[in-house]
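Subject: Structure for you to look at

Hello,

Here is the structure I promised you. Please open it first, then read my notes below.

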Amino acid sequence: MEEDNLATQKTTKLNYMNLLREINELSNLSTHLTNPNISKIENIFNNVTKNIDQIWDQMTFEKSSMLLITISNTIMRISAIDESDLLISQKSFQSMYNSLNDLIIRIYNRKECSPIYASNILDAMFMNLIKDDLIENCRKRLHSTEVVSTIDSTTTNRKSPQDNKIQFHDILQQYIEHTNIFLSAAVIRSKYEFGNHYSSLMISFKEFINDCLTIPNENVSSGRLTVTSSILLLIWNLTDKIPLIPIFINLGYVQKTIQWIRTDTFKSHIDSLCNPIISIIYNLSRDQKGLKQFRTEKAFDVLMECSQLINETNDEDLTKSFGIALIALATSDEQSEENKKLILDTSVKLYQLCKTAEANVELNCDGYHLSELLELLHRAFINTYVIKHILENKIDEKPTAIQYFAELLLILYGALLDPEPDELEKRAVKYLLKILLQISSYPEYVKQLIDNNQFCIIIESLANRPNRDDAKRIWCNIQQIIVPNKPQKEMLPMIYISYDSTNEDFCKTFIKELRKKVTVPIWVDYEKVDLGEDMWEYISPVIISATVVIILISTAYEDNTDKFQELSYIISTNKSRHETKGLVVVTTEPDFNFKRSWIKDLLYNKIVILYDDNVSYMASKVSEQIGMSKKSLIKRLRYRMKNVQKKDMETDNYPANSEERNLKSITTNDFSLAATNSYVPKKSSNTTDDTNSSSTTKKPGSHCIVAGLMTHTGSAGHANQM
């Protein structure tokens, strides 16, 4: 028996070596399809069919699996150059191909197929597609046969015997699907290596998809559409890996996905194309750069054009993907009732999925990891109507949503203390803290968090650790309820600037101009705090002591959870600030409109300085509004000096040091005096009063400004009327 086993192993090894040589020879033979070569090729096909099962059973997993991948790569290459289908139409090829596909699936299902091994196979297949522009040759190959196949399909309704055979588009589709299978098990070792090695392939994939979707709809064959769908599924899974997202953004996938949605081909084949494309859009929007580009492309509005077609499919998975994309891309709370219902229904499903995923050992459910579900809920909670719907127990569940999120932190927070944490678990805690920050920024909700003593202990403990900014903000919100800040009696003048980091360039320009107009200190984080530090430790005491706060408002500011908490803190603390001069809003974008309910509520009736291309002009308007302009100060100093000199002349025995004391008094008190005298009362947007015409200025290259600030300022709640 042992002798028979040894003989079998020797035979298997010999067959293995012979097949390697024959497969290597196959590529050369396929470029010269003479009759003798065709006969040799058929023999190779037959030998593969005859021996691969035995090789799979007898050889080691590593050797047998790599032989199968090598054969698959070679078959893909010879199929691309076989434009006449002479080889792939052979019966020997058909038999071999079916056997090969079955075994490749078995590779993936073997326990030996570790993430590292799956990555090696994926690399081999990707490199095969790159070599000699194989994917581009495949695209041309499909294009050359497309017109013929389209004509054939319109001239006969009879099913051709050829339909039962493997065709080129089937081979390409199956090859792409195999790469997708191994991608699902692979690990991306380095996003930089991936970008360097495979960016050209991702560009080729983009052009392949674009070529299919942008040609006239009636000219797209079913085979080409099937291949395109497989490539879209591959891109969907690639963009699902967070480190790779910036690569696809830099390669122009944001703009292309929006272009594809607008095509007739997309609308005609929404059942096969919509879900992967919408899911790619959502994945790319998880990166801030991608989200900004989508908003530039007005992606939300483009998606809404497809809503009726999506509803007509009655596809539950597609509707969920659509709702998720809307949550990610929404820029306003002001949606139609139909849109609100979809977003609410999707948010409730995400909340339920969170509970299911949290109970799973792997922390996943329905293809989503808990971290992704929490990230989506965090996005959804930016919409005030969503957070109120879920937190106010309108879904009628026990425990309440607030209690659930607090308890979830008690389960997961250990990932923040683990020196070698699971990255997805760490990401889950990150977004859970952001959700808890959103909750704690509402006074009516934070009290439920305070009722959980263990939660408060954990938050305080995290807040005392470095690099835990969200925990510090949550603890600060809790402290405001437990130990309210006492108003300060006397404060030195200081301006605090609140802005979103995406608007830093505008902020720097604005502050540079504002410093030319005012004499008081201006505090802005990038001048005082190094990036990566716990910002809130530095910001919160400054906010409390600042006599003036300037809000540089933008779309990004509205969508930033930290800014919601910061602005809530600004308004709830330091009640001694002047009602109209203590907080001024400056829009950083042309034609900016307030779109989030939370910010409208917080900034209701606050002064708004509208965006202008002339930033210096904006800074002047701000300095006038807060009553701290240098011109006002100099004018008041001169006036007071005249009074001093007049009294000096009238009084013979005036003390020698009296003038010095008076000047000191002027210097220390002038800002409050200037603020009082420079105050311009807010007018209704319908007012045309000219009572302040003496203080109006002319903007260079523009018409004279109507008296009063309301031509350049307005209520936050009515900015769109200005």
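Start with Glu566. Glu566 is buried, with a relative accessible area of 0%. Buried means under 20% relative accessible area, exposed means over 50%, and partly exposed lies in between (1.4 Å probe, protein chains only). Glu566 lies in helix H30, residues 561-572. Helices (H or I, at least four residues) and strands (E, at least two) are DSSP runs, numbered from the N terminus. Leaving out residues up to four places away in sequence, Glu566 touches Arg473, Tyr496, Ser498, Trp536, Ile539 and Ile543. Contact means heavy atoms within 4.5 Å.

Some ground rules. This is a predicted model, where local features need pLDDT of at least 70 and side-chain atom pairs count only at pLDDT 80 or more, while totals for chains, interfaces and linings use all residues. Residues are numbered from 1 along each chain as its sequence is written, and side-chain values use heavy atoms, with hydrogens and water left out.

The overall picture

The protein chain has 34 helices and eight strands. Of its 722 residues, 52% count as buried. Take the contacts between residues at least 6 apart in sequence: 77% of them join residues at least 24 apart.

Aromatic pairs

How many aromatic pairs does the structure hold? There are 23. Rings of Phe, Tyr and Trp (its six-membered ring) pair if their centres lie within 6.5 Å; planes under 30 degrees apart count as stacked, over 60 as edge-to-face, and the rest as tilted.

Phe45 is buried, at 0% relative accessible area. Phe93 is buried too, at 0% relative accessibility.

Now compare Phe194 and Tyr198. Their ring centres are 5.2 Å apart and their planes are at 70 degrees, so this pair is edge-to-face. Both residues lie in helix H8 (residues 191-214), four residues apart, which is about one turn of the helix. Phe194 is buried at 5% relative accessibility, and Tyr198 is buried at 5%.

His197 also lies in H8. Is His197 buried, partly exposed or exposed? At 43% relative accessibility, His197 counts as partly exposed. The C-alpha atoms of His197 and Phe126 are 9.2 Å apart, although 71 residues separate the two along the chain.

Charges over rings

Two lysines deserve a look. The charged end of Lys508 sits over the ring of Tyr526, 5.3 Å from its centre. Lys563 has its charged end over the ring of Tyr499, 5.9 Å from the centre. A charge sits over a ring if NZ of Lys or CZ of Arg is within 6 Å of the ring centre and within 35 degrees of the ring normal.

H4 has 19 residues and reaches 28 Å from its first C-alpha to its last, close to the 27 Å expected at 1.5 Å a residue. The expected span is 1.5 Å times one less than the number of residues. Its buried residues include Phe93, Tyr97, Leu100 and Ile104. What covers the buried residues of H4 includes H2, H3 (61-81), H5 (115-130) and H7 (168-185).

H5 has 16 residues, which should span 22 Å; its end C-alpha atoms are 22 Å apart, which agrees. Among its buried residues are Tyr117, Leu122 and Phe126. After H5 comes Asp132, with a positive phi near 55 degrees.

The cores

A nonpolar core is a set of buried Ala, Val, Leu, Ile, Met, Phe, Trp, Tyr and Cys residues joined through side-chain atoms within 4.5 Å. The largest has 197 residues. Which of them touch the most other members? They are Met202, Phe205 and Phe405. Beyond its neighbours within four places in sequence, Phe405 contacts residues including Tyr351, Leu374, Phe381 and Ile439. Apart from this core lies another, of 25 residues, among them Leu514, Ile550, Val622 and Met628. Ring pairs also link Phe405 with Tyr351, Phe381 and Tyr404 into a cluster.

Best wishes
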